[in-house]
Amino acid sequence: MGKKILCVVGARPNLMKIAPVIRALKAGQDPFDVCLLHTGQHYDNAMNDQFFAALGIPRPNINLDVGSASHAVQTAEIMRRFEPVLEQEAPDAVLVVGDVNSTIACALVATKMGIKVIHVEAGLRSYDRGMPEEINRVLTDQISDILFTTERDAAANLQREGIGAERIHFVGNVMIDTLKSQLPHATPMSETLRQSGVSEAFLKGKSDYGILTLHRPSNVDDINILRSLITTAAKISETLPIIFPAHPRTRGRIESYGLMDLINAANIVLLPPQGYLEMLGLMKDARLTLTDSGGIQEETTALGVPCITLRHNTERPITVSEGTNTITGTDPQKIFAAVNNVLKTGGKSGKSPEFWDGNAAPRIAAVLHEWLGPTQQRHVA
Ligand code: UD1
């Protein structure tokens, strides 16, 4: 068996990143011994199980079953449960992806046990320390031994924080590996609506629609901001019908803040969280996407679909400089202006960034083979 790499996933956005990485680590003549651990940060079928099936991710060897809690409790609980697993499994390295609580929790345990840490999607910075993910990014990168980046600017961010160039490898975007391989299998929009029992009548015979997704605490945990965003979306839906797959956190807030009537009165269809192939199908044919997600900013750039980002910053600036992304923040006037621009001109067409070519994961595997060295021959005495 090859060197042992323990891969960690925890939350929905980790799953499309880990799928091609596991495939690449297991490929070739000297495959790594891959162990997959799920922290259980996300656990609902819609947030978790259906992604494993759609993306062909092997069943996790270990599940820590931590579930939802405050940041401190969730992070601490992952750490507490991960330590004995690492003692038992004794991998050569731990591989973490992205910027969720599971990422920092597992990286921290591993580094303190003297186990090498690999971070995939390193060096992204929003420079907004109010975002929990920004804290997770900065800390994970500091304690990682080898850092794989998705865009060239990320290396400059890391070097400013004192991380040596020899630890950084620009390999491209593993999430786009998944997008490219799954695009032919995307579920058509009409089928997704049918599965959710929604009539296409809301499209009024046209094929144009927009997508809305919201889940950032800064947008959904403040009643005034959430009400304003939904009122803005309602106004846009007078011209462009909107499909709104809602994260469980967001749906909960809409209900508890009494905002469901606003949605019901508008030309907005609220759907449960969607699977990967369903979301891909919805995005690829959309006229535009309104979102506060990081991953969707990248996926729309790869698809060439205009993206309007309902945040004040992005940790993925290449989606603005080269892709289809426009940052508006939450000001309704700025959002209307960006939407009108897309409706009038078609919006930014963008181009696919360097190395967003479907081969990022094989590049990672090649670097890791070199870095971890060949498998030691086991001699039988
Ligand atoms: C987490 C990540 C965020 C990522 C997002 C994608 C952190 C700090 N945040 O945010 O970066 O963009 O995942 O979804 O790690 N819930 C369910 N079912 C689930 C999981 C969560 O109903 O399977 C609900 C619970 O009410 C929970 C809330 O969603 O309290 C928030 O879940 P949590 O994992 O804490 O953060 P996310 O908002 O999902």
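Let's start with two helices. Helix α7, residues 174-182, packs against helix α13, residues 276-284. The angle between them is about 80°, and their axes are 11 Å apart. Angles of 65 to 115 degrees count as roughly perpendicular, so α7 and α13 are roughly perpendicular to each other. Keep in mind that this is a predicted model.

Who makes that contact? On the α7 side, Met175, Thr178, Leu179 and Gln182. On the α13 side, Tyr276, Leu277 and Leu280. By class, the contact of α7 with α13 has five nonpolar residues and two polar ones. Charged residues: none.

Now the sheets. Take the seven-stranded one. Its order is β3-β2-β1-β4-β5-β6-β7. The sheet is open, and the pairing is parallel. At the edges sit β3, residues 62-63, and β7, residues 168-170. Each of these two pairs on one side only.

A helix lies on this sheet too. Helix α17, residues 360-372, packs on it and touches β1, β4, β5, β6 and β7. For reference, β5 is 116-122 and β6 is 146-149. The direction of α17 makes about 165° with that of β6.

Let me zoom in on β1, residues 4-9. Is this strand buried or exposed? Six of its six residues are buried, so β1 is largely enclosed by the rest of the structure. In a regular strand, side chains alternate between the two faces of the sheet. Here, Lys4, Leu6 and Val8 point one way from β1. Ile5, Cys7 and Val9 point the other way. Both sets are buried, and that includes Lys4.

What are the neighbours of β1? On one hand, β2, residues 33-38. Six bridges join β1 to β2, and the two run parallel. Lysine 4 has aspartate 33 of β2 as its bridge partner. Cysteine 7 has leucine 36 of β2. Between the two strands, the chain passes through helix α1, residues 12-26. That gives a β-α-β crossover, and it is right-handed.

On the other hand, β4, residues 93-97. β1 and β4 also pair in the parallel sense, over three bridges. Isoleucine 5 stands opposite alanine 93 in β4.

β8 covers residues 210-213, and β9 covers 242-245. They pair in the parallel sense over two bridges. Isoleucine 211 stands opposite isoleucine 243 in β9.

Last stop: methionine 260. This residue lies in helix α12, residues 260-265. What does methionine 260 touch, not counting residues up to four places away in sequence? Arg251, Ile254, Glu255 and Leu270. Methionine 260 and isoleucine 230 are 30 residues apart in sequence. In space they are 9.6 Å apart, C-alpha to C-alpha.

Methods:
Residues numbered from 1 in each chain as written. Predicted model: local features only at pLDDT ≥ 70, side-chain atom pairs only at ≥ 80, totals over all residues. Heavy atoms only, no water. Axes fitted to C-alpha atoms, helices over the stretch in contact; angles between N-to-C directions. Helix = DSSP H or I, 4+ residues; strand = E, 2+ residues; numbered from the N terminus. Parallel < 35°, antiparallel > 145°, perpendicular 65-115°, else oblique. Contact = heavy atoms within 4.5 Å. Nonpolar A, V, L, I, M, F, W, Y, C, P; charged D, E, K, R; others polar. Buried < 20%, exposed > 50% of the residue type's maximum accessible area, 1.4 Å probe, protein only. Pairing = 2+ DSSP bridges. Right-handed = clockwise from strand over helix to strand, strands pointing away.
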